[in-house]
Amino acid sequence: MIQVDNLKKIYDGNLVLDLPGFEIPMGQSFGLVGNNGAGKTTFFSLLLDLIEPSQGFIKNNEVIVNKNEDWKSFTTAFLDDSFLIGYLTCEEYFYFLGELRNQTKQQIDEFLQNYADFFNNEILGKNKYIRDLSKGNQKKVGIIGTLIGNPKVIVLDEPFANLDPTTQIRLKKILRNIADTKQTTLLVSSHDLNHTFEISDRIVCFERGKIIKDINTKEYSFEELTAFFDVVV
Amino acid sequence: MTFKQLANLEWKGIKRKGGMAQSIIMAIGKGYFGLGYLIIMTLISADLFEMAAEEGIDPFQGFFKYAVYLWLGDLVIRYFFQKMPTTLIKPLLIQNVRKKTIVNYCLTKSALSFFNFVNLFMGGAILLTLTLSYKVGFVTGFLFAFSFTIFLWANNFLVQLLNHVNKFAVPFLVVFAGVLALDYFKYVEVTAYTKFFFEALYNYPFLIVVVAAYLIVLLVACYRFYFKNLSLDSTVVVKKETYKYYDLNFLNRFGKLAPFLKLDLKLLTRNKRTRTVLYMSLAFLLYGLFFLLNPSGAFEGSTFVILSGIMVTGGFMLMFGQYVPSWDSSYYPLMMTQNIPYRKYLESKWLIMVLGTLVSMILASFYIYFGWNVYITIIAVGFYNIGWNCYLSLIIGAYVRTKIDLTSNKNAFGDTKAFNIKTMLLSIPTVLAPMIVYFILTTFLKFEIAIIVFIAIGLIGILLKKFMFDLIEKLYKKQKYTTLKAYK
């Protein structure tokens, strides 16, 4: 699904990302771990064509992302609060995204029913603008927004940070369900190996812009993984 | 923490803002206008005596009479262009910096404003004129020029209060507008009263104490205002807006553009900053009256009618268009990753401007009162605006790239200006091009034919939409990464 080919990103002469090549097959749940500044967000920004590669390219479903916009029709993402529109209510935000992804209002309403638990009665039907929600609730809105319209690729940057423990568990369940369908390629970054282990089929670790570990989670226990990633996590 | 450290922080902020080449060009433009303003104000101050003499009034009496206009001009220009002394306070609040230091720093910064130097030059010009041309004693001349300068300096703080304290600004503006109106329609001659004030300053030099006291009162008021509002919640005053629902489904007829149109209407109505645009657009509708109601009739003639036409029909287009796509800056990454073809996004912005212009044209119907010619000119300019200036606004917008914070508009330390020199400079072609075209047309053709040709030019612009959008889309695509970076 996602092919990285000789990708480099250079800021002011510093090589911040250097990925000679790797592939994420369709339907894989892909976990990205690494310390601050390891290049996780840079990689996601390149994948979403928010920054320009210095060299090489990323192909998303055979579309070179910085040459053609077609990847937008099957890819969704939530990186930070710049993916939210503050002056809309949550419902309006979801309807807006739905309209862009050819979903009717009824479809969205049905879709939202499934996440009533996750929103914990604090978000839906409150007629509150997104800008007036707490940071954590804003994040919930952004994450659920990426699930609208059955995307083939979902990109989430640090989805667990800033969420309360209950919500973290619920989110893990939601993401695990999506991963189990094997229909959606899920890319999730995190500092926390614990969360990533539970939802990912494969964990890749970045360190200073390079891949230093790339393992299948099925083959190891969590303890083994922890020891394995001891250097970084 | 000292002033030096605060100034240092600020300097780094300016230096590292990005878009250096652009800001240098802007700085040159600003410098040019600034110098022009300085020279004009200085010359007027010096010439006021002479001008009065030419009108057959005693030069001194004339000066005292008209001096109030110098003060007024200074105040108005400051109100629109003087930057408020903003400082990045949030990270400083919990550091070891006394509140007093922050406030003092802000006030000192504002005291070093360019406009205060203009006042100094004006004072100097008055002193030189008094002592050299009118042989007034140096001490008398100096004291008068100095109290005049202090009186204008007080505007520095007056403007800050006007900008920040609504409780103060509203009554002030109401009284002020009332007095001006009375004067304008000749019920009261305000200058006859203000004359006494300036004359007294001249005749009784010790009154400089009163002027100084006035300055100090405003300074203290400013100090207290800033000091009181130096916490995050009191400045932000989180007044949550209640949710308003309106049925915008009628817009669905625009098909693929509908979601964006609906979004833009919400953008316009639900944010303070954008609501200002709407109010300003309404104010722009009245722009024509400024010329047409002038009793002297000095502004009659096509050039001014066309200028008002541009402002009347294009007020919204100018105010909104210059900040496309900056209005969406806080969620630009979202827009860039959604299933949105760039062209549809731009077309919807264009359509909003076109609709805004059409509404302005309809609302401007009352200009028919001033005669058919005036009205038809305004309508013709409206078509020109739709045909060409809407594209131009999009092109200008691609270069403006100002990160707009829609939400934190209420902060006393935030920059609330919806109006700045940079965008004004960029808007010059929008205003100038139709004026030139119109001037050429009316010089060579009869009025009616000229108007028809002018409308035709506008319509041609609309027909060229595909071509223009190819151009604009390419431009925006080329700028995509720079724009994203600027909004970070």
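This is a predicted model: local features need pLDDT of at least 70, side-chain atom pairs count only at pLDDT 80 or more; totals for chains, interfaces and linings use all residues.
A residue is called buried when its relative accessible area is under 20%, exposed when over 50% and partly exposed in between, with a 1.4 Å probe and protein chains only. Residues are numbered from 1 along each chain as its sequence is written, chains are lettered from A and ligands numbered from 1 in the order in which they are written, and side-chain values use heavy atoms, with hydrogens and water left out.

Chain B has 20 helices and zero strands, where helices (H or I, at least four residues) and strands (E, at least two) are DSSP runs numbered from the N terminus. Among its contacts (heavy atoms within 4.5 Å) between residues at least 6 apart in sequence, 81% join residues at least 24 apart.

Two packed helices are described by the angle between their axes and the distance between the axes. In chain B, helix α5 (residues 114–133) packs against helix α6 (residues 138–164) at an angle of about 160 degrees, with the axes 9 Å apart; the axes are lines fitted to C-alpha atoms over the stretch in contact, and angles run from 0 to 180 degrees between N-to-C directions. α5(B) and α6(B) are therefore roughly antiparallel to each other, a term for angles over 145 degrees. Among the residues that make this contact are L120(B) and L127(B) of α5(B), together with F148(B) and W153(B) of α6(B).

Further along chain B, E473(B) lies in helix α20 (residues 465–486) and is buried, with a relative accessible area of 15%. Its side chain makes a polar contact (N or O atoms within 3.5 Å, one able to donate a hydrogen and the other to accept it, with residues adjacent in sequence counting only if both atoms are side-chain atoms) with the side chain of R343(B), at 2.9 Å.

In chain A, four strands form an open sheet in the order β2-β1-β4-β5, with antiparallel pairing; strands pair if DSSP finds at least two bridges between them. The edge strands of this sheet are β2 (14–24) and β5 (63–64), each pairing on one side only. Strand β4(A), residues 55–60, pairs with β5(A) over two bridges, and N60(A) stands opposite V63(A).

Helix α1 of chain A (residues 40–47) is largely enclosed by the rest of the structure, because seven of its eight residues are buried. The buried residues include F43(A), F44(A) and L46(A).

Notes: Angles under 35 degrees count as roughly parallel, over 145 as roughly antiparallel, 65 to 115 as roughly perpendicular and the rest as oblique.
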